[in-house]
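Subject: The structure you asked about

Hi,

Here is the structure I promised to pass on.

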Amino acid sequence: MKKWKIKTRMLVFSTVLSSFLFTIFVIAFASFEIENTRDEYEQLARQTANTISFMPAIADAMVNEKTDELEGQIERIRLQVQHPFVSVVNVDGKYLHKTNATSGGEDAPETRYARTLMYGSYQSDSDQLHIQIIAPIYQQVDFNGERLVGAVKVEYPRDILMTSITDKFMRLGFVAIVSLIVLVLGISLLARNIREDTFGLEPAEIASKFTEREAMLESVKEGIIAINTKQEVTLINPSARKLIQHHDDEDKLVRDLGLLDVINGEAYLYDEERFFKGHPLIANLRPMYTNMQLTGAICSFRSKTDMRLLQQTIDQMKSYADGLRAQTHEFKNKLYVIMSLVQLEQYEEAIRFIEEEAVVTESFLPKLNKIQDSGIQAILLAGMGKASEKNITIIIEDSSSLEPTHIPISSMTTMLGNVIDNAIDAVVDEKRKKILIFMTDVGDDIVIDVEDSGKGIPDHYKSDVLKQGYSVKGEGRGYGLFNVEKELSRYNGSLEIADSELGGASVSLIIPKRAEGKMK
């Protein structure tokens, strides 16, 4: 189901919440307002009844039965107290004034005024929304005396109270509608502002992109680190974190990579060589901007050793391809020789040539067939092609055998290819040019031994040859065995160096057969 946009969700949520709160408020307000209005009108009715009952002009008009004057006095009062119904009766119970009555003189119901006219007391006859107050009217006699001359009834019917409550609810409704409109406009502006800050993306899209971003940062082999303008690290992926062993290393990595220089100079730097704790790194740096404002800098980097290893692997694969191509060319030449001998009817010479080549092939192919890993077969063939060009003999021991391995050809090229290349380099200038290869997977490990007839490696140099950059062959060398050992460590393997019976060095690769050991 498609999710609503953030603006729609905010509007729906706020409208539902506002409506719910408004409904609760209206119910509470209605209960309070009804009770308050009733009390207000009851008090007003009582005050009005008291005012009329204590006015001497009203009492005199009643005694003298001046109905016109009585009506004028009462109407003036009614105008000031929201037009209640007012009725006035004399002591005989006859109406002298009745609001909306057609004429005076009508007999009043005895039960309504009897108690007031008999005892001179107040009466209150009210229900929830109907107010009725009856008060006695006294006339002043002499200086200190007074006599009962009648009674007045002030009445607020339900219609008047409901009109007052309705007016208040109308004002409340108007305020609520205006507030809702303002709320909708405010939420629309807020949603628009949020979308601008999130580059027009919805929350679901942001979550999806965040998940993709985290997966990408974790999957890339390059280290990635970013800082803001306050020089605080805002992003660092697992590959970069591997270089950090202490909290202070984070700041040192930022400085050594040159991120501070990028922020200060706002420069773009590509393929820059940097060093962190002695590790050579190749870094790409650039500033980050948001709305044309500098917000920080980001750097991606990779170990220069890894890049050199990759380059060497590519070069080796290219070299092996060239070796195989050379062998193919050599075989074609031999086929042309055989074809020429046959055409010249030099059959005996052709047979002798074929037998010589068959001896070499028959001694080599059965041994190669025991190595069932196609990647290792290709590496051996390429190595033999390179060796043959330099008149070097490569022999695979008769007892060698190997099942297909779990190691990809790229890794095996780095490990076995480097060792064979080193052996070729070791014997190329020797009178005796011989390399012996043995491999087996009997037991729990894959064991590959490569021996040469070179000068060998002195004991005090055997630990140094595994160091990065160490070589006796000149500048720019010394990465072969270092890369071999590094690649072996990915498979929980190990490398051993010893003296060979051929007079040179013996290099052994020991790799666990179990696939679990892969990618340590």
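Isoleucine 206 sits in helix H6, which covers residues 203–219. With a relative accessibility of 34%, isoleucine 206 counts as partly exposed. Leaving aside residues up to four places away in sequence, isoleucine 206 touches Thr198 and Leu201. Keep in mind throughout that this is a predicted model, so please read every value below as computed from that model.

Now for the overall picture. The protein has 520 residues, and 39% of them count as buried. Its secondary structure comes to 14 helices and 15 strands. If you take the contacts between residues at least 6 apart in sequence, 59% of them join residues at least 24 apart.

How many of the eight residues of strand S15 (residues 505–512) are buried? Eight of the eight are, so the strand is largely enclosed by the rest of the structure. In a regular strand, side chains alternate between the two faces of the sheet.

Strand S13 (residues 445–452) pairs with S15 in the antiparallel sense over seven bridges, and isoleucine 446 has isoleucine 511 of S15 as its bridge partner. Strand S14 (residues 494–499) also runs antiparallel to S15, joined to it by six bridges. There, serine 494 stands opposite isoleucine 510 in S15. S14 and S15 make a hairpin with five residues between them, and glycine 503 in the turn has a positive phi of about 110°.

On to the aromatics. The structure holds one aromatic pair. Tyrosine 41 and tyrosine 156 form it, in an edge-to-face arrangement with 4.9 Å from centre to centre and 75° between the planes. Tyrosine 41 belongs to helix H1 (residues 6–53) and tyrosine 156 to strand S5 (residues 145–156), so the pair ties together parts that are 115 residues apart in sequence. Tyrosine 41 and tyrosine 156 are both buried. Another tyrosine ring has a charged neighbour: lysine 98 lies over the face of tyrosine 95, at 5.0 Å from the ring centre.

Asparagine 90 is in strand S1, residues 85–90. Is asparagine 90 buried or exposed? Its relative accessibility is 9%, and buried means under 20%, so asparagine 90 counts as buried. The side chain of asparagine 90 reaches the backbone nitrogen of lysine 94 at 2.8 Å. Again not counting residues up to four places away in sequence, asparagine 90 touches Met62, Leu96, Leu117, Val149 and Gly150.

One last item comes from a database record. UniProt, in an unreviewed entry, places the feature "transmembrane region" at residues 169–191. In the model, that span is 100% helix and 0% strand, and its end C-alpha atoms lie 32 Å apart.

Happy to go through any of this with you at the screen.

Cheers

Methods
Residues numbered from 1 in each chain as written. Predicted model: local features only at pLDDT ≥ 70, side-chain atom pairs only at ≥ 80, totals over all residues. Heavy atoms only, no water. Phe/Tyr/Trp six-rings, centres within 6.5 Å; stacked < 30°, edge-to-face > 60°. Helix = DSSP H or I, 4+ residues; strand = E, 2+ residues; numbered from the N terminus. Buried < 20%, exposed > 50% of the residue type's maximum accessible area, 1.4 Å probe, protein only. Lys NZ or Arg CZ within 6 Å of the ring centre and 35° of its normal. UniProt positions renumbered as here; feature names shortened; annotations may be inferred. Polar contact = N/O pair within 3.5 Å; in protein donor to acceptor, adjacent residues only side chain to side chain. Contact = heavy atoms within 4.5 Å. Pairing = 2+ DSSP bridges.
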